[in-house]
Amino acid sequence: MKKTLLIIYILLFSFFFANGQEPNYEESKVPQYVLPDPLKMENGESVDSKTQWVENRRPEILHLFETHIYGKAPERPMDIRCEILSENKYALGNMATRKEIALYFTDSNEHYMTILMYIPNKRAGAVPLFFGLNFKGNHSICEDPDITESVIRMEPRKGESEIRPHAFKLGDASSRWPVEMLIANGYGLATVYSGDIDPDYDDGFQNGVHPLFYKSGQTRPEPNEWGTLATWAWGLSCAMDYFETDEDIDATKVAVFGHSRHGKAALWAGAIDQRFAMVISNDSGCGGAALSRRKYGETSRTINTTFPHWFCENFKQYNDKENELPVDQHQLIALMAPRLVYIASAVEDRWADPKGEFLSGVHATPVYELFGLTGLPVRDMPAVNQPVHTGYIGYHVRAGYHDINLYDWQQFVKFANKHFK
Ligand code: GTR
């Protein structure tokens, strides 16, 4: 753990040294900014009814995010083909049924992602589900020895292939995945290794699903087409197509969640696909829940430089020009209305700008009010470990660093219990 933190700091330090740019961590140095009004159309007209929001303003904002930030994804394959690879009704000491499902992106059997799923055996009917991407393979989420090991694909080391056999051991990320706690609370859990959809490194968009959808002659996405985050979000929607067909799952109660880069993808998935009843962002930061105009911690320039493949090419035009962005991230949160959204921050995760994440919830709130709902019921940032769960936008800032841990999960479950039970 300490070693990992040290490596992260060294990487960040060398990155800023190379770029000659220090991140701002001082509130007094946050620039003055004016946020785009979610309730004002681009032509200046004000939006004062649900209908106007749903029919006009929401599509307008969605289109702006798609064109300038995440990029447009192609239509998902109709009737996506799936295959149950395994099923065990006696998993986790008989507590759960474990299934592994392959979802094929095309007619061939070559390109697919594998959903790993646990469903509580003690259930009266279909169950609500938490669903999110994992970083280290399906087998990393718990120590269940029968999970099929994901094929891990990472930036190739000199002379080697991108496939890294056994890069992560069984249960490697189990502290982030409280499977048994969720099962005991009556929730299902599903996950997909994000590298099944698009491996997380800049290879010019050759090794993920992109080439399967290129038009003839196309070799990389157009400037307004999907970067890796949008690709992951697209994959999350493909999984939702499957969940709708699985009788064990209540598809009207699926919470899509993600930590960090996966939190950014979860938010975008919740924006483009309104079948997700709840959207959870954990420490998603820049390009996720945090307001870009605050330029606190990670900025558009730093993120586009370190991860040039995450967003669409158009987003790079806004490096150092956050004020010129036609949208800011509170409007992404607003796109979830009237559904549930939860923003989780960690107080030491300054790189992700906890206050900027909180403020997104505050400034998305007027859209919830249009629906007669309370968004975030407070305007001042709550104290550490004092979650706010009474509105449709939930929030907490926990003690500690960039991570997703049991405390975070306990809050998500409490929030879900209020609405899903
Ligand atoms: C960081 C990145 C963040 C965040 C994080 C993660 O290096 O700058 O935007 O996404 O990675 O995904 O853990």
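Here are some questions and answers on the ligand site, the sheet and a few backbone details of this predicted model.

This is a predicted model in which local features need pLDDT of at least 70 and side-chain atom pairs count only at pLDDT 80 or more, while totals for chains, interfaces and linings use all residues. Numbering starts from 1 along each chain as its sequence is written, and side-chain values use heavy atoms, leaving out hydrogens and water.

Q: How far is a polar side-chain atom of Arg261 from an oxygen atom of the ligand?
A: For Ser260, a polar side-chain atom sits 2.7 Å from a ligand oxygen. In Lys264, a side-chain N or O atom is 2.8 Å from an oxygen atom of the ligand. For Arg261, the distance to a ligand oxygen is 2.5 Å.

Q: In what order do the nine strands form the open sheet?
A: Strands are DSSP runs of E, at least two residues long, and helices are runs of H or I, at least four, all numbered from the N terminus. Two strands pair if DSSP finds at least two bridges between them, and the pairing here is mixed. At the edges, β1 (81-90) and β9 (393-398) each pair on one side only. The order is β1-β2-β3-β5-β4-β6-β7-β8-β9.

Q: Which residue in β8 is the bridge partner of Ile280?
A: Strand β7 covers residues 278-282 and β8 covers 340-346. These two run parallel and pair over five bridges. Ile280 has as its partner Tyr342.

Q: At about what angle does helix α7 run to β6?
A: Axes are lines fitted to C-alpha atoms, for helices over the stretch in contact (heavy atoms within 4.5 Å). Angles run from 0 to 180 degrees between N-to-C directions. Helix α7 (residues 261-272) lies across β4, β6 and β7. Its angle to β6 is about 140 degrees.

Q: Which residue does a cis peptide bond join to Ala337?
A: Omega for this bond is about 0 degrees.

Q: What is phi of Asp283 near?
A: Asp283 is in the loop between β7 and α8 (300-306). Phi is positive here, in a residue other than glycine, and is near 50 degrees.

Definitions and conventions:
Polar contact = N/O pair within 3.5 Å; in protein donor to acceptor, adjacent residues only side chain to side chain.
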